[in-house]
Structure formats: C-alpha cells, structure tokens
Amino acid sequence: MGSLWAAGILLRRLRSDATMVVLLVVLVAATSFVFAVAPRLFNRVADDALRHTMRTALPAERDLTVGLASSLDPGDAGGVTGVRAVGDTQAQRLPASLTSLISERTLRITATRFYVTDTAAGPVHFSLRYQDGLTDATRLVAGRWPRDRGTPQPRAATSGNPPPKPPGGHPIVMEVAVSTAAASQLGLNVGDMVPITVDGSDPLLPGIRYQIAPTRLLVTGVFEAIDPRAEYWAGDATLLQVTLATMGSPEQYAAAYMPAEAYPGLWSAGMPFRYEWRFQVDPERIDAGQLDELQDQLRRLDFVTGTSEFGSPGVAVLRTGLPGVLDRFAADRARSQGILSMAAIGPFVVAAGAVGTVAILLVMRRRPALVIARGRGASSWLILGAQLWEGILLAGGGALLGLAAALLVPARSSPSSPLLALGVGLTAVLLLIGATWPLARRNLGQFGRDDAPVIRVPPRRLVIELTIVAIAIGGAVLLRQRGMEAGTAAAADPLLLAVPVLSGVAAGIVAQRFFPVPVRGLGWLAARRRDLVPVLGLRSVGRHAGAANLFLV
C-alpha cells in the first residue's frame with residue numbers, strides 16, 4: 001500500500017512540475033556528459049601529445065637497436081639467413097607491448113675494417129657493409145649493383161703466421177658500390193680496383209692482428225640517396241659520407257656497400273663482424289594508455305644496456321633512448337593531471353550548486369502538497385522514499401543520457417567516465433533528498449508557520465569557517481613567498497593542490513556570510529518605493545538564503 005502511495009505521489013509530482021523536472025534532467029545530463037567526456041578527451045589529448053613527442057624525438061632515441069660483435073654462421077641457405085634467424089631470436093626477447101609498436105626491422109652487417117692505400121686521396125680506412133633496403137633508398141648514378149663472385153676468403157692468419165694464399169694464385173676480387181660523396185672525395189670511379197689489408201685499429205680486433213689473402217675491391221657502381229633526410233638514414237649515414245678524423249695526422253673513414261650474397265665468402269675468413277638489428281618504432285601505434293606498461297617493461301628488459309657491443313664481444317647489447325622519451329612525457333602528463341584535477345573542482349561544485357538550487361526550488365513549489373500529504377498521514381520515510389525514487393528516475397536517467405552521449409565522442413575509453421557519471425547522478429539524488437529532508441522530518445505542529453523560525457549560526461560552525469578562511473589565507477601567503485621551482489610536478493606538491501581548493505571554499509564562506517548585507521540594504525532602499533514587488537522579492541530572498549546562497553558558489 002505504501003509503495004502505491006509513493007508511486008502516486010511521484011506521478012503527481014512529475015505532472016505538476018514538468019518544467020522543473022525537465023530542467024533537472026537536462027542539468028544532470030549536461031553535467032554527467034561534461035564529467036564523463038573529460039577523461040576521454042584527456043586521453044585523446046594525451047595520445048596525440050605522446051605521438052607528437054615520439055615523432056619529434058630523434059629516431060635514434062625512440063628506436064631500438066640490438067648490437068652484437070661476433071661471427072655468425074650465414075646458414076645453410078647462404079646469404080644472411082643465419083644472421084636473420086639470430087635477429088628473430090633477439091626480437092623474441094622483447095616484450096609483446098614493444099613488438100606491437102615496431103613497424104620495420106633493418107639488418108646491418110659491418111665487416112672488419114680494412115685499410116686502402118691505393119686511392120687518389122691517400123690512405124683510407126674502409127668498411128664493408130650490407131644494409132637492408134639500401135637499393136630501395138638510393139638510386140644508381142653510374143655502373144651497376146655489386147654481385148658475389150663466389151670466391152670465399154681463406155681463413156685469415158693471426159699474428160706470427162704467414163698470410164693465406166688466394167685460391168688459384170690470383171687476388172680475390174670483391175665487388176662493392178660507393179656513394180657519390182665517397183667517389184668524389186676519394187677519387188674512385190666505376191671499374192677501379194683497389195687493394196685492401198686488415199685495419200688493426202678496428203675496435204672489433206682488440207689486440208689481434210689478422211692477415212687475409214691478397215684481396216682487391218672492384219667498384220661496380222656509384223649511388224646517391226633518394227632522400228638523405230629520410231628516417232632510413234637517421235642516426236647512421238656511414239654509407240653516404242666520408243668522415244675526416246684529425247687526431248694526429250688526418251685520417252679518412254669511408255664505407256662501401258656489399259651484397260648479402262658476399263657475406264658467406266667474407267665470413268669464411270674467420271674474422272668478427274658487427275651486427276645491428278634496428279627495430280623502428282612507429283609513433284602512430286602508441287597511446288598514453290600503454291605508458292605505464294611500457295615504462296615497466298623497458299626497465300626489466302633482458303638485455304645488456306649502457307655499454308657498447310665492442311666492449312662485450314658475443315653479448316647482445318640494446319641501445320635506445322625510448323625510456324627517457326617516455327619518462328619526460330610521463331612527467332609532463334603528471335603535471336597536467338595535477339592542474340586539471342584542481343581545475344575540475346570548481347566546475348563540479350558549480351554543477352552541484354546548480355542541481356541543489358533546482359532541488360530547493362522544487363521543494364518550495366511542492367511545499368503545500370507535502371503539507372497536505374503529511375497532514376493525511378504520510379510518514380516522513382514515505383515522502384523521502386518517493387523523493388528517492390524520483391531522484392533515481394530523473395537524476396539517474398539524466399546521468400545515463402550524459403554518459404551515452406560522452407561515449408559517442410571518438411576517443412580512447414577511460415574507466416573513470418562511468419564512475420564520474422555515476423557520481424554526478426548520485427550527487428543529484430542526495431541533493432534532492434537533502435532538500436526534502438528538513439520539510440519531511442519536521443513535526444506536524446510546525447507546518448502552521450510559513451517558514452521555520454530563524455536560527456542563528458551555531459558558534460561551532462563559525463569557528464570552523466573562520467579556521468578554513470585563516471588556513472586558506474596563510475597557505476596563499478606561504479605559496480606566494482615560497483614560489484614554485486621550474487619543472488616541479490604539480491601532483492607531487494600538496495600545498496599547491498590544497499591552496500586553490502581552500503581559497504575557493506573560503507571565498508564561498510565569506511560570500512555567503514556577507515550576502516545578507518547587500519540584500520538588506522537593497523530591501524531598505526526598496527521599502528521607500530510605493531510598490532511591494534521589490535520589497536517582497538528581497539524579503540523572500542533573505543528568508544530563503546539556502547536557495548540564494550547556492551548561486552554564490
């Protein structure tokens with residue numbers, strides 16, 4: 001019976017206060033939408049910011065390179081298939097969260113450095129390198145791409161042993177291609193054949209002197225980069241440039257391209273190589289939701305870091321600046337979150353004040369109906385129960401509408417969105433019940449008065465309010481005197497977080513306490529007029545301070 005009575009009260013309320021009900025639903029829906037969409041928009045902005053950070057970082061910073069100084073078997077299929085298999089093994093050591101970001105893998109094989117004496121520019125340190133994708137990133141200016149001649153190198157001799165003899169008694173010929181810069185600066189042309197010897201100063205040969213069979217390099221082609229500024233060359237343009245070192249006497253360092261098929265013949269000499277597997281990170285594949293997992297897994301990588309592969313022969317070494325890039329972004333995001341958290345307090349309090357104002361106005365309109373219901377025997381809990389169902393129906397429905405609209409915004413989802421929407425709806429329900437509570441719980445004998453007797457503010461409340469105001473003033477002065485150091489994370493400074501909140505609360509307290517003064521002054525001025533509307537309006541505002549003060553929030 002009580003449930004039917006509560007349902008009847010609810011239906012009558014909805015019919016009689018249609019305008020206020022629609023206003024309440026719209027207000028709750030709009031507030032729920034704003035707070036539900038805010039985390040999604042923050043995710044969207046954070047994702048765009050992280051991708052921008054990754055795009056503007058140097059490729060050598062964001063990419064991962066695994067280096068290894070060793071001598072890897074070319075495999076049964078010849079070429080560099082065995083080296084690629086080792087690269088696949090190294091890639092499996094990377095966590096799945098990192099491999100999902102990798103768009104391309106590039107293999108670079110650099111042979112032991114050689115020394116060339118017969119060039120127009122004088123002695124030159126010459127490196128032979130195979131690099132994935134070079135023929136696609138360059139164009140031939142003259143000649144053709146080198147090919148393997150099928151003559152393997154005899155095993156190189158170490159210190160104290162005679163050099164090996166070439167097969168057939170003729171020098172071994174290896175075809176290479178050089179860049180236009182190398183051809184110009186070193187005086188090389190297509191068809192030139194230059195003799196080479198092992199360069200003992202190579203970091204790959206610590207304290208070991210190798211001697212190879214008589215070998216000559218045949219320049220078969222000259223190439224140039226299609227786009228020297230392309231990401232392909234970022235961090236290592238050795239094949240395009242000639243480096244001049246001026247330590248002591250001037251020394252020139254250059255590199256030539258050798259085909260993958262030539263690797264097994266050179267590997268048979270038994271000398272070490274430098275292998276590099278470069279894993280290119282695609283900035284468009286990352287989002288800020290992966291940040292914490294990536295940072296954690298980068299700290300726990302199963303690789304040697306912080307050193308060079310030359311200092312750890314046979315051990316794979318990882319080189320990357322990705323942890324630093326992500327850490328800098330995480331610090332910036334923490335500062336942004338701290339600032340936005342403070343900024344969100346104001347809109348939330350304003351929204352709660354607006355909902356509370358509508359709730360108080362609803363109760364004021366329904367006061368006669370509530371008096372009649374109480375006079376006919378309706379209990380306080382029955383009236384409050386009807387208000388609870390109305391709040392769940394209106395505020396809950398409005399919160400769900402706002403959440404549904406927020407989910408339509410194209411952005412990465414956030415678990416905070418439904419929680420915030422639920423919080424807005426719950427706050428609106430509590431405000432509706434709170435506005436009805438004093439009237440529903442009042443004794444029946446007090447309903448003869450138009451309003452409850454004016455009660456002075458309790459001294460305890462005044463002390464609490466004065467304490468809040470004093471703390472806010474003291475915190476603002478202290479923060480102003482201390483200042484903020486550049487780069488300090490807002491989320492890590494409790495004073496910076498507390499002062500704006502306390503200042504807002506203190507300002508609200510002061511405004512509410514002084515609000516009656518101008519109202520009384522205006523009422524005194526209005527009493528001097530002949531009409532009654534301004535006087536009665538100001539008297540009503542003064543007597544119903546709860547509704548009026550909410551606008552001050």
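In this predicted model, helices and strands are DSSP runs numbered from the N terminus, strands having at least two residues; the legends below use these element numbers.

**View 1. Strand 6 and the lining of the largest cavity.** Strand 6 contributes four residues to the lining of the largest cavity, the most of any element. Helix 8 (263–267) joins strand 6 as an element that gives two or more residues to this lining. The cavity has a volume of about 100 Å³ and is lined by 14 residues. Nearest its centre lie D148, R149, V173, M174 and A262. Cavities of 30 Å³ or more number three in the model.

**View 2. The surroundings of strand 8.** Strand 8 spans residues 215–225, and nine of its eleven residues are buried, so the rest of the structure largely encloses this strand. Burial here denotes under 20% relative accessible area.

**View 3. The parallel pairing of strand 8 with strand 6.** Strand 6 (residues 172–179) runs parallel to strand 8, and eight bridges join the two. Among the paired positions, S179 has F223 of strand 8 as its bridge partner.

Methods. Residues are numbered from 1 along each chain as its sequence is written. This is a predicted model: local features need pLDDT of at least 70, side-chain atom pairs count only at pLDDT 80 or more; totals for chains, interfaces and linings use all residues. Side-chain values use heavy atoms; hydrogens and water are left out. Buried means under 20% relative accessible area, exposed over 50%, partly exposed in between (1.4 Å probe, protein chains only). Two strands pair if DSSP finds at least two bridges between them. On a 1 Å grid over the protein atoms alone, a cavity is a set of points where a 1.4 Å probe fits but cannot get out, and a pocket is an open set with protein on both sides within 12 Å along at least five of seven lines; lining residues have an atom within 4 Å of a point. Grid points are joined across faces, edges and corners, and a volume is the space filled by probe spheres set on the points.
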